[in-house]
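The following paragraphs guide the reader through one protein structure, beginning with the terms needed to follow the account. Please keep the sequence and the model in view while reading.

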Amino acid sequence: MRLKIIAGNWKMNKAYGEALMLATEVAHDSTNTKHPGLLTILAPAFPFLSAVSRSIDGFDDFAVAAQNCHFEESGAYTGEVSVQMIISVGARYVIIGHSERRNYFHETDEVLLKKINVALDHRLKPIFCIGETAAQRQAGKHFETITAQLKNTIFHLPENSIGNLILAYEPVWAIGTGVNATSAQAQEMHAFIRKTISEKFGTQISDSISILYGGSCNSKNAAELFSCEDVDGGLIGGASLDHLEFSAIRKTMIAQLTKEKSVLGKKLSGN
Ligand code: PGA
């Protein structure tokens, strides 16, 4: 079974004390609601990675992610943060290619591939984001856009490293807008992404890669989105800033997992 993931992308929000409080509350909310096969990831801003990592110490179903990294190992890159620095403060994941990085910081597929490569070289797992704009979808070019994003980046990776990658489908028009993709739109695109990966790398790899949905996901629409066969969790922005809301989304995924387990149990017992 694929790993299910609920990841909170805090973006440039929260000051030190607030970030620590949020991490502590989310971890506390999770007491007694562990589920095998579910990982919760918190992605605070760089200055808080270390403290947030320490605050979830002992919660083995939690991990911390950076929101970005530089593609060079070290050197004269004022203001940048390397993969080794991120690892050294306890983070195990890094978000790469978020649409805000692509738009505001002009990160191209070429740069993103370099970032993915350096992260994988150091065993920092990328959560790689892809997604089309509203204009691309309106023009009927959403599948084309996603195919190009995949071909320009992860298609260049060796087969044996794909297993260390997580994908996030985040339609740009859904990010922070309050308009989420419908479950039909999400399932259609997630299945397409999986098929595209299977054509390049084979079904063993495509069946095992977790593909998260991101874009205005909240506790109200999570159940419908997570019930889609190819949606393996969520990359949550705004709704991850409130511990009750984020924990409710996490519990929705647990409910989905419990439901799937009982359906499987019934199938196996022939009922
Ligand atoms: P949102 O952001 O949930 O606020 O739409 C998602 C993201 O940007 O990862």
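A residue is called buried under 20% relative accessible area, exposed over 50%, and partly exposed in between, using a 1.4 Å probe and protein chains only. The model is predicted, and local features need pLDDT of at least 70, side-chain atom pairs count only at pLDDT 80 or more, and totals for chains, interfaces and linings use all residues. Residues are numbered from 1 along each chain as its sequence is written, and side-chain values use heavy atoms, with hydrogens and water left out.

His 142 belongs to helix 7 (residues 142-152); helices (H or I, at least four residues) and strands (E, at least two) are DSSP runs, numbered from the N terminus. With a relative accessible area of 11%, His 142 is buried. Contact means heavy atoms within 4.5 Å, and, not counting residues up to four places away in sequence, His 142 touches Glu 132, Gln 136, Arg 137 and Met 189.

Helix 11 comprises residues 243-269. The expected span of a helix is 1.5 Å times one less than its number of residues; for the 27 residues of helix 11 this gives 39 Å, in agreement with end C-alpha atoms 39 Å apart. Among the buried residues of helix 11 are His 243, Phe 246 and Leu 257, and their cover includes strand 1 (4-9), helix 1 (16-29) and strand 8 (233-236). Gly 270, with a positive phi near 75 degrees, follows helix 11.

Lys 251 also lies in helix 11, but is partly exposed, at a relative accessible area of 41%. Leaving aside neighbours within four places in sequence, Lys 251 is in contact with Asp 29 and Thr 33.
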